[in-house]
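The following report describes the overall architecture of the model shown below.

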2 protein chains.
Amino acid sequence: MKMTAKPIENLINQLNKLPGIGSKTAQRLAYYIIDMQQDEVEKLSNSILDAKLQVKECSICSNFTDEDPCKICSSSKRDNSTICVVEYPKDVEAMERTRCFNGLYHVLHGVISPQKGIGPANLKIRELLRRLEDDSVEEIIIATNPTVEGDTTALYISKLTIPLGVKTTRIAYGIPVGGDLEYYDEVTISTALNNRRELK
Amino acid sequence: MKMTAKPIENLINQLNKLPGIGSKTAQRLAYYIIDMQQDEVEKLSNSILDAKLQVKECSICSNFTDEDPCKICSSSKRDNSTICVVEYPKDVEAMERTRCFNGLYHVLHGVISPQKGIGPANLKIRELLRRLEDDSVEEIIIATNPTVEGDTTALYISKLTIPLGVKTTRIAYGIPVGGDLEYYDEVTISTALNNRRELK
């Protein structure tokens, strides 16, 4: 006979479904939540539901947003001649943190993966091509990850965008800044070798 | 200007307040939650609120419960001559997992800690003594952690229970089963030495 109170067990089970939350962590979090102030628990519970209910995809770039078009697409300060193509909304966050890119984004919501049954039609590629119809876009920067799927997707998109006369680039892949050769695999190092630049 | 949608940012902030959830993990969880099925999100959100609202302390043992008295205190199958005293409700879980203890529990909800301003009056010690008033309890097993606070609390309780004629014991501390001497600190090893038993 299980002696844990039902609502605690239920909370542990729900938390345990989240990625990276094992049963030990779920238990620790559950007891922490029960010890929290009630208004803080309400805030947490509401923020989860609100994020799900209020967040939609931007009709232009498909990034997550609570207003349509999203803040980036509707900003007058962004350079709308460049579109950076990423796999997921979290990649937009990562790019924005650099403060180095001032163009627009396009979120594919995945990569081509025959194994998972994901083809080009399941991604926001049609929506990307539609954005190229007016001539304001001069460059597409493809920032999908350097994986087989990410590379395939980059190649697939470039085959469609280059014939339209849009400059299509891919961000550089190599040894991360601060990284140490010793710790990186052969593929990363050979990529870094192949992408070497002449010092002048 | 922050470009993340407000409800996402809010969810990340709320998750970030939980112990062991850093900003990276909070972000990963937030995007995962937004991608979950809506009914699953509702279950998660409700389980958090329900755990807070429905879980109370048992009026006998102070363990978390949704019915009063709790399942353990009201069970006819438990041996009510033995009470195991623990710091927190999660310690009851840990003891129950062993399936080795069939007595009752008493949850102190903390340990004596002058630094944190926690004295005996802030713990459920008075409630423990009240349980000893009828003569059914024969043994108190103190299972507070082997820390300065845990030891102090054990000593404090034993000074009150021994004069009442109740056998008072403390669980053994030493090298964990499967552990390796090499990995344990001097205090653990010297405790294990002092608590040595004669092999016969």
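How far apart do the C-alpha centres of domain 1 of chain A and domain 2 of chain A lie? They lie 34 Å apart, where the domain bounds come from an automatic or database domain assignment.

This is a predicted model, in which local features need pLDDT of at least 70 and side-chain atom pairs count only at pLDDT 80 or more, while totals for chains, interfaces and linings use all residues. Residues are numbered from 1 along each chain as its sequence is written, chains are lettered from A and ligands numbered from 1 in the order in which they are written, and side-chain values use heavy atoms, with hydrogens and water left out.

| Domain of chain A | Residues |
|---|---|
| domain 1 | 6–54 |
| domain 2 | 58–198 |

Chain A holds seven helices and six strands, taken as DSSP runs (helices H or I of at least four residues, strands E of at least two) and numbered from the N terminus; along the sequence they follow the pattern α-α-α-β-β-β-α-β-α-β-α-β-α. Chain A is more spread out than a compact globule, because its radius of gyration is 22 Å, well over the 16 Å that the globule rule gives for 200 residues; this radius is taken over C-alpha atoms, and the rule is 2.2 Å times the number of residues to the power 0.38. The C-alpha trace of chain A spans about 70 × 45 × 35 Å along its principal axes.

Of the 200 residues in chain A, 42% are buried, meaning under 20% relative accessible area with a 1.4 Å probe and protein chains only. Among the contacts in chain A with a separation of 6 or more, 49% join residues 24 or more positions apart, a contact being heavy atoms within 4.5 Å.

Note on methods: Buried means under 20% relative accessible area, exposed over 50%, partly exposed in between (1.4 Å probe, protein chains only).
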